[in-house]
Amino acid sequence: MVAVQAQDDLRRVLDDEGRVLPGARVPDVADDVLRNIFDKMTLVRVMDDRMMRLQRQGRLGFYMKSIGEEATHFATAPLRMSDWVYPSYREQGAWFYRGYTIKQFVDQLFGNANDPVKGRQMPVHHSANWLNLVSISSPVGTQIPQAVGSAYAAKIMGKDDVSMVYFGEGTSSTGEFHVGLNFAGVWKAPCVFICRNNGWAISVPREKQTAAKTFASKAVGYGMPGIRVDGNDILAVLQVAQEAIDRARAGEGPTLIEALTYRVQGHSSSDDPSVYRDPKEPEIWEKRDPLNRMRNYLTHRGLWDQAWEQGLIDRYNQEITDALAASDVTPPPPVESMFDDVYEEMPWHIREQKAWLMAQARTKSPHHHG
Amino acid sequence: MPVMNIIQAVNDALRLQMRQDPRTVVLGEDVGKFGGVFRATSGLYEEFGGERVIDTPLAEAGIIGTAIGMALYGLRPVPEIQFGDFIFPAFDQIVNELAKFRYRSGGQYPCPVIIRTPVGGGIRGGHYHSQSPEALFIHTPGLKVIAPSNPYDAKGLLLACMRQNDPVLFMEPKRIYRASKGEVPEGDYTLELGKLAVTRPGTQVTLIAWSGMVSIAEETAAKAEAAGISVEVLDLRSLMPFDIDGILASVRKTGRCVILHEAPKTCGFGAELIASIQERAMEHLEAPITRVCGFDTPFPYTLEHEYMPNADRVLGAIRQTLEW
């Protein structure tokens with residue numbers, strides 16, 4: 001069912017305890033980069049815990065955790081800031097690593113007046129053009145051909161930027177997966193595809209998404225390499241990402257990376273996995289927890305101590321508390337902002353509808369979370 | 001001034017823009033060496049090369065999806081969907097993605113993609129080469145919908161579209177791609193989006209049409225004139241946004257209005273026009289506004305000539321309006 005060790009085509013550097021496997025090549029990653037990744041992985045875990053509790057208290061409408069999958073977020077770490085990232089909805093670590101702030105994150109979840117997307121989308125649908133992180137869409141897979149378009153645009157414009165796009169294994173069933181990878185293969189687009197295979201698309205197991213042995217094997221049909229990596233092994237993730245990014249930047253074309261991981265908890269705050277899967281399954285994966293493995297590795301390297309991690313946890317908890325307090329006293333976006341950004345300039349019919357609404361009595365939101 | 005047909009005018013606009021702006025690229029099925037199945041991109045591949053005139057794999061969702069990514073990154077893509085009927089595999093990319101990118105990102109990500117596609121019947125193309133799907137896209141906030149009826153408008157409107165920053169569905173009337181000919185200025189000019197053209201002034205009835213139906217409207221007006229009826233023909237040109245002031249000015253003058261479109265009647269754009277006119281000009285109306293449209297059936301093959309609105313039917317509607 002989840003026999004990671006038995007898969008001989010799986011790239012691993014660390015064992016489940018975070019020790020370097022015999023014969024494994026350790027990627028050349030600077031100490032401060034490793035510490036920064038651990039720092040942001042810790043932030044993701046603190047944030048997920050706090051936000052899910054708020055959701056359970058009825059203070060936040062919706063949330064999506066990524067516990068157990070955090071290492072996959074840092075395939076973005078070897079990218080340059082001029083490279084583009086098309087996230088799915090479960091890569092919080094990529095956002096924080098590139099510089100998205102706790103306050104921006106929280107403001108988006110609450111859709112308040114400081115939300116970078118002006119309260120236009122439900123929680124976890126971030127957008128940050130100053131970080132080349134593209135607006136998240138709910139229909140899965142739509143971002144795949146878009147990322148290929150950005151990648152090819154860079155090539156056409158004579159730049160050596162790379163695009164990286166995330167999606168889950170369930171998304172490999174969509175037309176857009178096929179379309180996107182096919183276009184990328186034909187165009188030799190500098191694009192890195194990260195298939196985050198966490199075993200479950202809400203309640204549907206990976207066996208019901210494909211009859212193929214692996215998701216990485218699908219790359220063959222598109223004329224590109226497919227690499228399967230232990231997605232809970234940060235060193236292996238960084239290694240395969242760096243290789244794929246280097247290939248793309250050198251003009252050698254796209255790569256499909258299947259990052260094997262596991263969705264330890266529900267799909268979202270609206271999900272209850274106990275209804276559809278064996279509760280023992282997550283337990284197996286908790287032993288392969290990416291944060292624990294990275295902590296063990298850093299400890300072996302003399303890069304971790306308890307006080308540092310506790311300091312991170314305390315600081316992030318405080319920053320989240322501060323961001324929540326600020327959000328509590330931040331009003332929603334002004335009503336008239338609902339009509340902005342449909343077009344560059346507001347056409348007459350929207351101006352007319354806006355004037356009409358502004359002349360009505362204000363309606364109180366039935367979803368008051370704070 | 002050179003005389004061009006619509007294909008030549010579109011081709012001219014694309015070439016002009018591509019010469020001026022190296023960010024402009026064309027992509028689609030058969031648009032490269034072949035120059036498009038209707039020849040609209042003819043000669044562009046030779047002049048601008050395969051990286052700016054891109055023969056894509058055969059997948060509409062891929063054409064629009066990649067065009068979106070290109071636009072976000074900084075290009076100005078002008079994808080071609082070979083027939084309007086083939087646009088639906090890209091419907092999600094257009095409706096949920098392209099049209100919403102600016103809004104859903106809080107204004108961070110404008111997405112200037114100009115989709116060109118031939119529409120309309122009258123070419124013996126059956127259901128899959130004849131549809132007029134404008135209403136579906138007019139109903140999509142964030143998208144502009146432009147539908148020229150002649151070469152002069154096609155060039156000026158397409159150039160205008162390629163120089164603004166919103167996504168556009170640019171619908172070209174394929175039945176008269178070559179049949180519609182007219183004088184087109186050689187150099188650069190743009191026409192303002194959102195403005196109709198009064199193609200024939202009149203006093204008794206306002207007849208509103210767009211795209212391939214403008215020629216039917218003109219034919220109707222000529223027949224009406226021979227019968228002593230003065231018809232004012234409005235070519236909407238821009239469906240979203242549409243020129244409400246221009247429409248109201250005409251309807252307030254004539255007091256009567258007939259709307260002509262090829263697309264199915266129910267929830268067709270004519271319905272919106274009627275609602276918008278009566279909300280603002282009820283006191284000027286001498287008769288109910290009527291429509292001559294396609295039927296609420298799929299577009300037929302053998303009986304196409306019975307499906308398509310024609311001048312006699314439109315004239316009948318005009319007479320009814322006058323006699324009401």
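**Entry 1: two helices in chain B**

I began with helix H8 (residues 213–226) and helix H12 (residues 311–323), both of chain B; they pack at an angle of about 60°, and their axes are 9 Å apart. That angle makes H8(B) oblique to H12(B). I noted the model as a predicted one. I then looked up the hand of the crossing between H8(B) and H12(B), which is right-handed.

Next I listed the residues that meet. From H8(B) I wrote down B:Ile216, B:Glu219, B:Thr220, B:Lys223 and B:Ala224. Facing them in H12(B) are B:Ala311, B:Asp312, B:Val314, B:Leu315 and B:Ile318. Sorted by class, this contact of H8(B) with H12(B) has six nonpolar, one polar and three charged residues.

**Entry 2: where chain A meets chain B**

I asked how many residues of each chain are in contact. I found 48 residues of chain A in contact with 44 residues of chain B. The size of an interface is often given as the accessible area lost when the parts come together.

**Entry 3: a salt bridge inside chain A**

Over all chains, I have a count of 47 salt bridges by this rule. One that I looked up joins the side chains of A:Arg301 and A:Asp31, at 2.5 Å from N to O. A:Arg301 lies in the loop between helix H9 (290–300) and helix H10 (306–328) of chain A, while A:Asp31 is in helix H1 (residues 31–56) of chain A, so the pair ties together parts that are 270 residues apart in sequence.

**Entry 4: two backbone details**

Which peptide bond did I note as cis? The bond runs from B:Met240 to B:Pro241, and its omega is near -5°. I placed B:Pro241 in the loop between strand E12 (238–240) and helix H9 (244–254) of chain B.

A:Ile202 sits in the loop between strand E5 (200–201) and strand E6 (204–205) of chain A.

Key: Residues are numbered from 1 along each chain as its sequence is written. Chains are lettered from A and ligands numbered from 1 in the order in which they are written. This is a predicted model: local features need pLDDT of at least 70, side-chain atom pairs count only at pLDDT 80 or more; totals for chains, interfaces and linings use all residues. Side-chain values use heavy atoms; hydrogens and water are left out. Axes are lines fitted to C-alpha atoms, for helices over the stretch in contact, and angles run from 0 to 180 degrees between N-to-C directions. Helices (H or I, at least four residues) and strands (E, at least two) are DSSP runs, numbered from the N terminus. Angles under 35 degrees count as roughly parallel, over 145 as roughly antiparallel, 65 to 115 as roughly perpendicular and the rest as oblique. A crossing is left-handed if the near helix is turned anticlockwise from the far one by less than a right angle, and right-handed if clockwise. Contact means heavy atoms within 4.5 Å. Ala, Val, Leu, Ile, Met, Phe, Trp, Tyr, Cys and Pro count as nonpolar, Asp, Glu, Lys and Arg as charged, and the others, Gly among them, as polar. A salt bridge is a side-chain nitrogen of Lys or Arg within 4 Å of a carboxyl oxygen of Asp or Glu.
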